[in-house]
Amino acid sequence: MNSRKILSLDGGGIRGVVTIEIIARIEQLLRETTGNPHLVLADYFDFIAGTSTGAIIAAGLSIGMSVDEIRSFYLHNGREMFDHTSWPNRFMALFGHRYKGEKLAAALKAVFGEDTTLGSDKLKTLLMVVMQNAKTDSPWPVSNNPAAKYNDLATMGVHSNLHLPLWQLVRASTAAPTYFPPEKIQVEGQDFLFVDGAVTPYNNPAFQAFLMATLQAYNLNWSTGKDKLLLVSVGTGRNALNLPNLNAQAMHLLHHAATVPVHLMNAAQYQQDMLCRIFGDCRAGDTLDSEIGNLHGELGAGCVPEKLFTYVRYNFDLDAKYFAAAGLPTHNLNTLRHIDAVSHIHELRHVGKVVAEREVGIGHFAGFV
């Protein structure tokens, strides 16, 4: 029986190195199971989706890069991509951007090719990247699906989204507000400004990828069923704020400006994960909350008569547990939660390896290898 497989990768800045270690474990297990030491994830997954840092990794995987090659890209370019502006950071956080966009753009051009378009035959899988159109205030999940409305070469001609540069779409998906300047892209002869897809409901793009694969309006029309469709979703760590000493007087305008975006992103990621567990047959994924548990198997049954896909979720809490297990000090845990913690990239890698060893198992892929 033919089956389809989707890989979805969350946003999270430099914490993408945790994602890399998790998917490295997946790649290793698939190589061992298939007996193919040269297998890359583009050989296994039919559709790869990503937001922000997840978009960088997803695009790299889609063009056939091994996880080791993507890891090298992050290790060699991570610090340089977060290139500070010349103005004081405090001033920039209020009135501009902390980092320049030029070195990030140059790194993306180098790895993907300046002339590689979204419709290039270099892409070996379907690919979706999520960004936010700041001018129209709308999420844009853009894919290389040739049957998509705005990709149709026959009707759209030179204005087809398939002609857009791949590096620029990825750069747009990573343009985190206050961190990087927005990316200007010309679409159908109009200039639009795009920012990080993390500010949409799809920083975790898993359920949106499922909809794109199966909803009739997107024209892919993949079959549903827990034996027909596998959705693997990888996070960069839950970054829930823990403020035990918070009081009402401290909840002023500046407090809300700093915390509301994080609250909304966490809530959106939680909802996307929960929807996947309800409509999918969840094989792996830690506890959602103390009331509903993890919704594995029968726990997630009831409101849908039949599961539409098999679902696997790898994520973890950014707390002391995994850092201690990796033999790392926990006193700088708050710093490690930041999306620009490039000075701690090797520590984050160690955490990713611990998460991968503990959580990823080949049994999660049974029936799809």
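Look for D10, D273, R277 and R313 first: salt bridges tie these residues together into a network. Keep in mind that you're looking at a predicted model. Across the whole structure, a search turns up 12 salt bridges. Why do such pairs form? Side chains of opposite charge can pair when their charged atoms come close.

Now try helix α1, which covers residues 16-34. Here R31 and E27 join in a salt bridge, at 3.7 Å from N to O. The two sit four residues apart in the helix, so about one helical turn separates them. R31 counts as partly exposed because its relative accessibility is 25%, whereas E27 is buried at 5%.

Helix α4 (residues 67-81) holds another pair, R71 and D68, spaced three residues apart, so again about one helical turn lies between them. Their closest N and O atoms are 2.9 Å apart. This time the Arg, R71, is buried with a relative accessible area of 15%, while D68 is partly exposed at 46%.

Next, find R238 and D286, a salt bridge whose closest N and O atoms are 2.5 Å apart. This one links distant parts of the chain: R238 lies in the loop between β7 and α10, D286 in the loop between β8 and β9, and 48 residues separate them. R238 is partly exposed at 26%, and so is D286 at 27%.

That brings us to strand β8 itself, residues 280-284. Four of its five residues are buried, so the rest of the structure largely encloses it. Strand β9 (residues 309-314) runs parallel to β8, and four bridges join the two.

Notes. Residues numbered from 1 in each chain as written. Predicted model: local features only at pLDDT ≥ 70, side-chain atom pairs only at ≥ 80, totals over all residues. Heavy atoms only, no water. Buried < 20%, exposed > 50% of the residue type's maximum accessible area, 1.4 Å probe, protein only. Pairing = 2+ DSSP bridges. Salt bridge = Lys/Arg side-chain N within 4 Å of Asp/Glu carboxyl O.
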